[in-house]
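User: I would like to go through some of the terms used for this structure. Please set each value against its definition.

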Amino acid sequence: MTARFCGVLVLFTVLLSGLNASTRPTVNQELSNLFNELWRLDVNRMTPGVDYTISVQGRANYVTQGSNVVQDHASLPLFSNVNEIKLRNTTTFSRLTTLLDNYERSTGVAERVTTEELTEMNLFLDAVLETEVMKRAHKYLVSKGKSSSSVRNFKNQLRLIWFHLYHRQRDAGLDSSGFEHVFVGETRSSTEIVGFHNWVQFYLQEKNNHLDYKGYKARHHDIPDQDDHVLNLQFSWHGVVKPVGSAFIGTSPEFEMAIFTVIFLMNTDRSTTVLVNIDQCQMELVVIRHGRSLGTAYPKLLSSNSRHFGQH
C-alpha cells in the first residue's frame, strides 16, 4: 500500500465543496510546494511495511493533563519492528541517536554539556547540512533573505535555533533547548510530559521498556493505519502520561528540522500555525518560539475527512 500522511483518504473536493469559503483556513501554497519537494528529496525516510511496521490498535480515552490513571487500549507496542541496520547506517539517523541520551529528562535541572556532546551535536548538524533536504531548505531561506548563503553561518543559525540552551522553568538553570524538547522529550514536575515529538526516540524508549503506547487519538470516524506518516498518540513515559502527542512516523531528522526551521525563520510571531498540504494530506504545522530559539514544533494531524474544518 502506498505510504500516506493521514488515515482514511477521501477526496477533499467532495468533502469541502459545501463549505462556505470564508470558513476555510488558508492553505499556505508556497510552503506546501516547498515541503512536498522536501518530501520527495527525503531519500532517508523509512518506508512503512519495509523499514518498519506499526500497529495502531485501539483508540485511546480522554485523560486529563497530569493524571496517571489511564486505560491501555494497545496491548502491543506501536512499533512491531524497525530496520535498525538502516538506523545505524544512515548517517543522520545514527548521529541523531547519539544525541538522545545527552539530556536531563526533568525541566528545572540544568544541562551540563560535555566536550564529547558538543562534538556529537556538530557531527549531527554536519550530516544534516549534507542532505539534499536541508540544502534545498537553505536555498529557499537564502532566496527569502532569512539566511546567509554561507553554510557555516547557516549551521550557526541552526545551532542557535535548535541547540541553544535556555530557561524553560523559572528559577532554574539552563535546562532546555528546542532539540531536547522536540526530539527527546521532557517531564515537568514529574507529572507531565512536554515535547517528545520524534518517532525514533519513541521507538527506542518503547524498545527499552521506558515507554508504553496506550493507543491512537482521533475523532470517531478517523482510523489511522500502518501506512500513516503522522499520528496522534497517547503514551506513558517513565510512568508519566501524555494524554495526546503527535509525531511524524518514518521521516528523517533532516526533513523535520528543515520544515520547522523554515517556518521558524519565515515568521516572527511567538506562535505560528501553518496549514499545508503534503503528500495528499492536510495538516497544521505548529512552531512556538523561545526568543531566538525554538520552544516547540510539531505536526497537528488533520484527517482528510475535514475534521479540522468542522472544528471551525
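User: What makes strand 5 and strand 6 a pair?

Analyst: Two strands pair if DSSP finds at least two bridges between them. Strand 5 and strand 6 (residues 230-237) have 5 bridges, in the antiparallel sense, so they count as paired. Gly215 stands opposite Gln234 in strand 6. Strands here are DSSP runs of E with at least two residues, helices are runs of H or I with at least four, and both are numbered from the N terminus.

User: Where do the numbers come from?

Analyst: The model is predicted: local features need pLDDT of at least 70, side-chain atom pairs count only at pLDDT 80 or more, and totals for chains, interfaces and linings use all residues. Residues are numbered from 1 along each chain as its sequence is written, and side-chain values use heavy atoms, without hydrogens and water.

User: Which strands are the edge strands of the open sheet?

Analyst: The sheet has 3 strands in the order 5-6-7, with antiparallel pairing. Strand 5 (211-216) and strand 7 are its edges, as each pairs on one side only.

User: Why is the pair of Phe163 and Phe179 called stacked?

Analyst: Rings of Phe, Tyr and Trp (its six-membered ring) pair if their centres lie within 6.5 Å; planes under 30 degrees apart count as stacked, over 60 as edge-to-face and the rest as tilted. For Phe163 and Phe179 the values are 4.8 Å centre to centre and 25 degrees between the planes, so the pair is stacked. Phe163 lies in helix 7 (residues 151-163) and Phe179 in helix 8 (residues 178-184), 16 residues apart. Both Phe163 and Phe179 are buried, that is, under 20% relative accessible area with a 1.4 Å probe, protein chains only (exposed is over 50%, partly exposed in between).

User: Why is the pair of Phe248 and Phe260 called tilted?

Analyst: The ring centres of Phe248 and Phe260 are 6.3 Å apart and the planes stand at 50 degrees, so this pair is tilted. Phe248 belongs to strand 7 (residues 240-248) and Phe260 to helix 10 (residues 253-266).

User: How do you know that the charged end of Arg45 sits over the ring of Trp39?

Analyst: The test asks for NZ of Lys or CZ of Arg within 6 Å of the ring centre and within 35 degrees of the ring normal. The charged end of Arg45 sits over the ring of Trp39, 3.6 Å from its centre. Arg289 sits likewise over the ring of Phe264, 3.9 Å from its centre.
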